[in-house]
Amino acid sequence: NVVGALAPRIDEAILAGVRRKPLADLSVYDCWLRALEGLRRGTLEAHAEARIYLERALEADPDFARAYSGMSLTYFNEWSCHAWDRWEDTATEAQRWAEEAVRRDETDHVTHAILGRILMYRRNFARAEHHADRAEALNPNDADMLAQGAVMHSALGDAARGIGESRVALSLNLLHDDWYFLYAAYPQLMARQYQPALDYASRAPDAGTDVRAFLAVALARLGRRDESARMRERFLLTFQRNITHGRTPEPDEPVR
């Protein structure tokens, strides 16, 4: 528990010093942290910046597996959030880089977690579950990975396991970002535990585009129809802002 809580703080301390260094002076791990910082911002501009750091890491160490994982995430984020007109291209690149990361280092839990999530969204469920399980076996105390695993295992049909993983993640990282609440709400929703899902999601309504959709579902299932309808409209406005960039979405587009 101590190590799990300490690890994110150590990375943050390293990153505070790294930000002042020129690119040429960064170690491969420094480059990983700078890239991860950009990936968490989630914009196309931040992805482009992250690739600069990742390419620098690979120049210094072509076998640094997390640099391949980071490159995979830049394409994954574009595939899932931005570049829907290049859906297959970005999906293929995300998987290609993630496969290479695992090939370079099969002992790094981060590489398995990233590949597993990509495979899940590409509907290769058996391989996705294998890599999700491998990630957790290699490091059962990485709070970020457990929060991600909670969604993966819930989507793969084991919501009870997802609920357990999200609880451990929340207890390991007490200074977690708001997206942890979204990832804790999802397994509760999949388990049809609507009040806990509502409680978690309500704590971070802006953590992701889908949060208000989850809230609308939970409210409807709890019989709070008027509140659900209002939340649905707020979700559609968020979807229009974040996904269709001002264009009114077609009636079935959010579901698709």
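Visitor: How many salt bridges does the structure hold?

Guide: A salt bridge is a side-chain nitrogen of Lys or Arg within 4 Å of a carboxyl oxygen of Asp or Glu, and the structure holds 21 of them. This is a predicted model, in which local features need pLDDT of at least 70 and side-chain atom pairs count only at pLDDT 80 or more, while totals for chains, interfaces and linings use all residues. Residues are numbered from 1 along each chain as its sequence is written, and side-chain values use heavy atoms, with hydrogens and water left out.

Visitor: Which residue forms a salt bridge with arginine 40?

Guide: Arginine 40 forms a salt bridge with aspartate 144, and their closest N and O atoms are 2.9 Å apart. Helices are DSSP runs of H or I with at least four residues, numbered from the N terminus. Because arginine 40 lies in helix 2 and aspartate 144 in helix 8, the pair ties together parts that are 104 residues apart in sequence. To describe exposure, buried means under 20% relative accessible area, exposed over 50%, and partly exposed in between, with a 1.4 Å probe and protein chains only. By that scale arginine 40 is exposed, with a relative accessible area of 53%, whereas aspartate 144 is partly exposed at 24%.

Visitor: Where do arginine 161 and glutamate 165 lie?

Guide: An α-helix has 3.6 residues a turn, so residues three or four places apart point the same way. Arginine 161 and glutamate 165 both lie in helix 9, four residues apart, which is about one turn of the helix. They form a salt bridge whose closest N and O atoms are 3.8 Å apart; arginine 161 is partly exposed, with a relative accessible area of 29%, while glutamate 165 is buried, with a value of 4%.

Visitor: Which residues are linked in a network of salt bridges?

Guide: Such a network links Arg34, Glu37, Arg41 and Glu49. Elsewhere, arginine 247 forms a salt bridge with glutamate 253, with 2.8 Å between the closest N and O atoms. Arginine 247 is partly exposed at a relative accessible area of 40%, and glutamate 253 counts as buried because its relative accessibility is 12%.

Visitor: Is helix 8 mostly covered or mostly uncovered?

Guide: Helix 8 is mostly covered, since ten of its 13 residues are buried, among them Ala143, Met145, Leu146 and His153. With contact taken as heavy atoms within 4.5 Å, the buried residues of helix 8 pack against helix 6 (109-121), helix 7 (125-138), helix 9 (159-172) and helix 10 (179-190).

Visitor: What is the phi of arginine 192?

Guide: Most residues other than glycine have a negative phi. Arginine 192, however, has a positive phi near 65°; arginine 192 is in the loop between helix 10 and helix 11 (194-202) and is exposed, with a relative accessible area of 62%. Histidine 245 likewise has a positive phi, of about 55°, although it is not a glycine. Histidine 245 lies in the segment after helix 13 (225-242) and is exposed, with a relative accessible area of 55%.

Visitor: Which residues of the largest nonpolar core touch the most other members?

Guide: In soluble globular proteins, nonpolar side chains tend to be buried together. A nonpolar core is a set of buried Ala, Val, Leu, Ile, Met, Phe, Trp, Tyr and Cys residues joined through side-chain atoms within 4.5 Å. Of the 37 residues in the largest such core, Trp32 and Ile118 touch the most other members. The largest share of this core, seven residues, comes from helix 4. Not counting residues up to four places away in sequence, tryptophan 32 touches Leu54, Phe64, Arg66, Gly70 and Val110. A second, separate core of 28 residues includes Ala147, Ala185, Tyr186 and Phe214.

Terms used: Helices (H or I, at least four residues) and strands (E, at least two) are DSSP runs, numbered from the N terminus.
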